[in-house]
Amino acid sequence: MLELRQTALEILAITDPKTKVDRVKQLFSDYHQQSITLDVSSTLNSEDLALPGRPQKPELVPPLTVPKRRMDTVDGRLSLLHSLAHIEFNAMNLALDAIWRFSDMPAQYYEDWLKVAKEEAYHFSLIETHLQSVGVAYGDFPAHNSLWEMVERTSDAVIARMALVPRTMEARGLDAVPAIRDRFKQIKDAKVVEILEVILRDEVGHVLIGNQWFNFLCTKEGLSPTKVYKELARAYRAPVLRGPFNLEARRQAGFTVEELSLLGT
């Protein structure tokens, strides 16, 4: 039988987005039909693989050189949607990476991140399908790689990964997506609004999963979540968070009152 973590690693190396999306969906189905096993203790080898697998385009450029995405032009709106597709593609990759890379976690940890991978694959498909309907392909605009760079930075410790990827980098989407959704509401683009509502709903759950496993690891090691988060953010050079913040979504995603009070400091 296939094994979940090894298969997640193999899927992560796939470069074609459609093939990767289809394989993620199949992996989720196979696991929940109990036709695939889970070995939490094995140490997997990725030395011969180029990770993550990605297509030749989009061209990856520094964040400050990504062209401004103006909502008052068609090209600007398409560029914005393309950037969201790129984020979802990277988010699918990071969920697969969380599955294969970190051993000796409870089975629920791997099941949670498999669910995240499936939902991120769905988000990517939603945006990509919409872009294709208006003549745009994933890769037609440049993109930056900040999210995956933090994934690579935190590859040595699962507690750092949980602290700084889902509950820092991805949580920024909880703040940004409502404003983007409202802009598309103003121009009466109901299809994009519908897609963004799905993404926002699911992303609350993804950040919650990150929070739950971060707190689990802190409890296991007898650490203060607030104190250790500050230490990890400093050690791994996490970006400073700037508002405005979607406090209600962040509450739903498991941030404590103390954590919310410290945002931006």
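Student: What volume does the largest pocket have?
Tutor: The largest pocket comes out at about 1500 Å³. Keep in mind that this is a predicted model.

Student: OK, and how many residues line the largest pocket?
Tutor: The lining has 39 residues. Those that lie nearest the centre of the pocket are Arg69, Ile87, His144, Arg172 and Ala176.

Student: Which elements give two or more residues to that lining?
Tutor: Four helices do: H3 (74-101), H5 (146-153), H6 (158-186) and H7 (190-221).

Student: Which one gives the most to the lining?
Tutor: That's H6, with 10 residues.

Student: How does the lining of the largest pocket split by class?
Tutor: You'd find 21 nonpolar residues there, along with 11 charged and 7 polar ones.

Student: Which residues make the contact?
Tutor: From H1 you have Leu4, Thr7, Ala8, Ile11 and Leu12. H2 puts in Lys20, Arg23, Val24, Leu27 and Tyr31.

Student: And what classes do the residues of the contact of H1 with H2 fall into?
Tutor: In that contact, 7 are nonpolar, 2 are charged and 1 is polar.

Student: Why is H1 described as largely enclosed by the rest of the structure?
Tutor: Because 7 of its 9 residues are buried. The buried ones in H1 are Leu4, Arg5, Thr7, Ala8, Leu9, Ile11 and Leu12.

Student: What covers the buried residues of H1?
Tutor: The cover includes strands E1 (2-3) and E2 (36-37), plus helices H2, H3, H4 and H5.

Student: Now phenylalanine 102. Where is phenylalanine 102 found?
Tutor: Phenylalanine 102 sits in the loop between H3 and helix H4 (107-133).

Student: Is phenylalanine 102 buried or exposed?
Tutor: Buried, because its relative accessibility is 7% and the cut-off for buried is under 20%.

Student: Which residues is phenylalanine 102 in contact with, leaving aside neighbours within four places in sequence?
Tutor: Phenylalanine 102 is in contact with Arg5, Tyr109, Tyr110, Thr154, Ser155, Ala157, Val158 and Arg161.

Student: One last thing: what distance separates the C-alpha atoms of phenylalanine 102 and leucine 131?
Tutor: Those C-alpha atoms are separated by 35 Å, with the two residues 29 residues apart along the chain.

Key
Residues numbered from 1 in each chain as written. Predicted model: local features only at pLDDT ≥ 70, side-chain atom pairs only at ≥ 80, totals over all residues. Heavy atoms only, no water. 1 Å grid on protein atoms, 1.4 Å probe; cavity = no way out; pocket = protein on both sides within 12 Å on 5 of 7 lines; lining within 4 Å. Points joined across faces, edges and corners; volume = space filled by probe spheres on them. Nonpolar A, V, L, I, M, F, W, Y, C, P; charged D, E, K, R; others polar. Contact = heavy atoms within 4.5 Å. Buried < 20%, exposed > 50% of the residue type's maximum accessible area, 1.4 Å probe, protein only.
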